[in-house]
Amino acid sequence: MSFSKGQKSLFVAFALIVGVYFLIEGLVSAKSFLAPLTMAMLLTMMFSPLANKLEKLGLNRGLSSLTSISIAALFFVGMFFLLSLQVSSIASDWPEIEEQMKPKVGNAQDWLAEKTGMSTFNETNLFDIFSDEGSGSSQKEDKKEEMLKNSSVIKSAGQALFSFFDFLSLAFLTLIYLFFLLFYRRMLKKSLLKFVAEDEQEKAQNMIEESVKLSQGYLVGKFLLILFLAILYSAGLAISGVKHAILISVIAAVLTFLPYIGNIIGFALALALAAFSGGDLGTFIGVFITFGVAQVVENYILQPYVVGDKVSLNPVAIIIVVVLGGSIWGIMGMVTFIPLFGIVKIACDHIPILKPVGFLLGNDGMKN
């Protein structure tokens with residue numbers, strides 16, 4: 001039975017859609033295994049130069065690998081400790097912040113009711129919903145309110161504890177993978193080259209070197225960018241009088257791992273914290289100036305010279321990759337999928353049949 005050209009194209013398109021669907025489903029299901037392994041592979045490319053230098057200084061491969069991951073672990077532990085101190089500070093100031101939030105929330109509810117005609121419900125309305133007749137004894141309402149608060153606190157604490165241990169397990173797995181990938185990095189490279197014919201090994205070697213260079217440049221550049229922005233944000237927000245400036249600055253700087261949308265979220269968080277901590281007009285002007293100056297410095301100084309055009313992906317591809325990574329692996333997917341697709345583009349550029357895909361992902365088509 002022969003198929004026409006149109007039928008073959010339809011079959012190929014259908015097979016491609018089904019294949020992509022099951023690939024995404026598989027990536028989602030295997031997140032606990034693949035996500036830390038992928039992050040460890042990217043970090044291996046980042047820390048390989050350090051491990052090589054330590055070996056040249058006389059350390060054996062095991063010690064150089066262990067020293068490299070220890071430096072990575074100390075960095076992340078230090079960041080976590082700093083953020084924990086800031087979170088504890090916010091927790092101690094929370095009653096004051098809550099008192100300042102109440103009139104603002106009330107004004108927002110009044111404005112919403114006036115402009116839209118929608119009625120907002122307060123705590124009394126909320127508990128009336130749960131009562132049998134819309135009213136009852138004060139003792140019954142107080143008991144119901146206390147039970148609701150207790151169940152909400154227990155549920156929130158349980159979710160936070162589960163998320164914390166999930167994060168710790170992923171971080172621990174990543175460090176284990178990172179150690180063994182650094183230790184066996186030369187063997188892994190030789191194994192990859194054995195899959196390629198001898199006359200194609202030079203091209204494969206170039207592709208591996210380009211991929212390693214891309215990952216190193218992107219990740220190292222991003223970490224330096226985050227460090228510079230965190231210092232810049234902290235100085236600007238502290239001068240503006242924003243409380244807990246270090247916490248919001250580190251969060252806003254880390255969010256730059258998410259292109260385009262990260263800066264918007266960081267700016268919104270800074271404004272919200274300034275509003276809820278009782279900031280005046282000068283504080284808001286300071287927040288606007290801080291993020292405005294930071295954007296100029298990032299776009300025209302730090303981004304071109306520190307990060308550069310490392311991944312060579314066009315803006316449309318980057319947005320799609322970030323959204324896809326977030327829907328599959330969450331925050332870790334948003335961080336890892338950009339360099340991964342940069343490596344995919346390098347592979348497509350070196351494989352003749354896939355060159356159209358590399359052109360579609362890259363910046364060359366944006367110039368015409």
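These questions and answers set values from a predicted model against the definitions behind them.

In this predicted model, local features need pLDDT of at least 70 and side-chain atom pairs count only at pLDDT 80 or more, while totals for chains, interfaces and linings use all residues. Residues are numbered from 1 along each chain as its sequence is written, and side-chain values use heavy atoms, with hydrogens and water left out.

Q: What makes up the elements of the protein chain?
A: The protein chain has 13 helices and zero strands. Helices (H or I, at least four residues) and strands (E, at least two) are DSSP runs, numbered from the N terminus.

Q: Why is Thr336 called buried?
A: Buried means under 20% relative accessible area, exposed over 50%, and partly exposed in between (1.4 Å probe, protein chains only). Thr336 has 0% relative accessibility, so Thr336 counts as buried. Thr336 belongs to helix H12 (residues 331-350). Beyond residues up to four places away in sequence, Thr336 touches Thr38, Met39, Leu42 and Trp329; contact means heavy atoms within 4.5 Å.

Q: What makes helix H8 mostly covered?
A: In H8 (residues 245-254), seven of the ten residues are buried. Among them are Leu247, Ile248 and Val250.

Q: Which residues touch the most other members of the largest nonpolar core?
A: They are Leu229, Tyr233, Leu237, Val287 and Phe291, in a core of 54 residues. A nonpolar core is a set of buried Ala, Val, Leu, Ile, Met, Phe, Trp, Tyr and Cys residues joined through side-chain atoms within 4.5 Å. Apart from neighbours within four places in sequence, the contacts of Tyr233 include Ser249, Ala252 and Ala253.

Q: What makes up the nonpolar patch on the surface?
A: Phe172, Ile176, Phe180, Tyr184, Met187 and Leu188 form the patch, with about 560 Å² of accessible area together. Helix H5 (138-183) and helix H6 (185-194) are the elements that give two or more residues to this patch. H5 gives the most, with three residues. Like charges are joined within 9 Å, nonpolar side chains (Val, Leu, Ile, Met, Phe, Trp, Tyr) within 5 Å. Accessible areas come from the Shrake-Rupley method with a 1.4 Å probe; for residues, only the protein chains shown count as cover.

Terms used:
Patch = residues over 30% accessible without salt bridge, like charges linked within 9 Å, V, L, I, M, F, W, Y side chains within 5 Å. Salt bridge = Lys/Arg side-chain N within 4 Å of Asp/Glu carboxyl O.
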